Amino acid sequence: MLSAGRRIRKAGLTLVIAESQLPYPRLGMITPRRLGGAVVRNRIKRRIRAAARECGWEPADYVVIPTPLVERAPFGTVVRWLDPGDGGGR
């Protein structure tokens with residue numbers, strides 16, 4: 001799916017969007033060990049899930065590949081990064 005989707009790179013993450021036949025959005029995450037230990041990776045995943053709920057995504061498959069900036073960025077910034085229509089990267 002990562003090769004078939006539209007890739008949007010922002011300052012703190014990469015968002016890949018692929019078409020889906022389902023009537024709701026699906027979220028997947030890739031959180032490599034280079035982000036930190038299990039506690040840090042889980043914190044990043046929780047922040048991304050919470051921010052994704054704020055976005056109001058269209059039905060599609062979304063894959064988020066975060067950078068370490070997601071852990072420290074203000075929550076509003078993470079929400080902006082997850083918005084596919086927002087061109088701003090910072």
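Two strands are taken to pair if DSSP finds at least two bridges between them, and helices (H or I, at least four residues) and strands (E, at least two) are DSSP runs numbered from the N terminus. The structure is a predicted model, in which local features need pLDDT of at least 70 and side-chain atom pairs count only at pLDDT 80 or more, whereas totals for chains, interfaces and linings use all residues. Residues are numbered from 1 along each chain as its sequence is written, and side-chain values use heavy atoms, with hydrogens and water left out.

An open sheet of mixed pairing is formed by four strands in the order β1-β2-β4-β3. Its edge strands, β1 (6–9) and β3 (26–29), each pair on one side only, and the twist from one strand to the next averages 20°. Within this sheet, β2 (residues 13–18) pairs with β4 (residues 61–66) in the antiparallel sense over six bridges, and Ile17 stands opposite Tyr62 in β4. Helix α1 (residues 38–55) packs on the sheet, where it touches β3 and β4 (contact means heavy atoms within 4.5 Å); the direction of α1 makes about 160° with that of β3, axes being lines fitted to C-alpha atoms, for helices over the stretch in contact, and angles running from 0 to 180 degrees between N-to-C directions.

One aromatic pair is found in a search of the whole structure. The ring centres of Trp57 and Tyr62 lie 4.0 Å apart with their planes at 15°, so the pair is stacked; rings of Phe, Tyr and Trp (its six-membered ring) pair if their centres lie within 6.5 Å, and planes under 30 degrees apart count as stacked, over 60 as edge-to-face and the rest as tilted. Trp57 is buried, with a relative accessible area of 12%, and Tyr62 is buried at 4%, where buried means under 20% relative accessible area, exposed over 50% and partly exposed in between (1.4 Å probe, protein chains only).
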